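Here is a friendly note to read beside the model. It covers cross-links and charged pairs.

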Amino acid sequence: MMAASRDLPTGLGELELLTVGTVLLVEAISGLSLNGLTIFSFCKIPELRTPSHLLVLSLAVADSGISLNALIAAISSLLRHWPYGLEGCQAHGFQGFATALTSISGSAAIAWERYHHYCTRSQLGWDTAIPLVIFVWLSSAFWAALPLLGWGHYNYEPLGTCCTLDYSRGDRNFTSFLFTMAFFNFLVPLFITLTSYQLMKQKLARSGQLQVNTTLPTRILLLGWGPYAMLYFYAAILDVNSISPKLQMVPALIAKMVPTINAITYALRSELFYGGMGRRVLPQRSKQDLAQ
């Protein structure tokens, strides 16, 4: 069933819409800028064109998609209505869901690669990296397309100015899709990420070479996407209408911060990035900064 135009929920004033729209706009610009810089650096710096950095590039493209989705939502919130019609709502929901799932699975792929790099000393080859990236994108697109085919639905978020997976129904269709999708696209990637970095931590700690932050990527997944997961699971078990529309928007605003955090964590803190981009668009960091 397609989403239909509707009035904004009662109890929401101009200030709430302006606040949501402004926050989304800042998150969108930040995510697009930083991930765009990551993509640009991959294209311009030969040292970054490696199989392992291809996974980071894929994550940056997915996160750029999330930020683009946030930009559309920001414009709609500032306009105080959804101007793109029924088909636009479905497209917006699909695009946002597909890129979100790709970002989550892409983070797990990077965790898996880094475990092998640091613990088994095996280098990722192009013959593995390219199929892995293709699998992540096709798998995410598959799960995001299922609501378009009737298993799950896309509809407006509580403010009515952007679209996502419709969790307001809480029926068997939504519940069966949610639990199946969440297992393969949240719990499995979370398990891979947690296990990979935990094994890496144990291996590097024994050798006295623990110079990698092994807890931050897992925290990003949990804190960035966990509130959305909790909201969905709450909707599958209880009446989500008992939560105010303003509070229901909080997980979406948190999730839209993930692209910016990912860009800083996986790309912009890399010494290869600074070593290459510093000669092009960024000032060189001092030797003291590089040593820290």
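How many salt bridges does a search of the whole structure find? The points below start there.

1. The search finds 2 salt bridges, a salt bridge being a side-chain nitrogen of Lys or Arg within 4 Å of a carboxyl oxygen of Asp or Glu. Please keep in mind that this is a predicted model, where local features need pLDDT of at least 70, side-chain atom pairs count only at pLDDT 80 or more, and totals for chains, interfaces and linings use all residues. Residues are numbered from 1 along each chain as its sequence is written, and side-chain values use heavy atoms, with hydrogens and water left out.

2. One of the bridges pairs Lys246 with Glu16, with 3.6 Å between the closest N and O atoms. This pair links distant parts of the chain, 230 residues apart: Lys246 sits in helix 7 (residues 245-248) and Glu16 in helix 1 (residues 14-44). Helices (H or I, at least four residues) and strands (E, at least two) are DSSP runs, numbered from the N terminus.

3. Both ends of that bridge can be checked for accessibility. Lys246 is partly exposed, at 41% relative accessible area, and Glu16 is partly exposed too, at 23%. The cut-offs are under 20% relative accessible area for buried, over 50% for exposed, and partly exposed in between (1.4 Å probe, protein chains only).

4. Arg169 and Asp166 form a salt bridge as well, their closest N and O atoms lying 2.8 Å apart. Here Arg169 is partly exposed, with 34% relative accessibility, whereas Asp166 is buried at 5%.

5. Turning to cysteines, the whole structure holds 1 disulfide, meaning a pair of cysteine sulfur atoms within 2.5 Å. Cys89 and Cys163 form it, with sulfur atoms 2.1 Å apart. The link of Cys89 and Cys163 is left-handed, with -120° about the S-S bond. Because Cys89 belongs to helix 3 (residues 85-120) and Cys163 to strand 2 (residues 163-165), the pair ties together parts that are 74 residues apart in sequence.

6. Cys162 is buried, at 5% relative accessibility. Cys43, by contrast, is partly exposed, with a relative accessible area of 47%.
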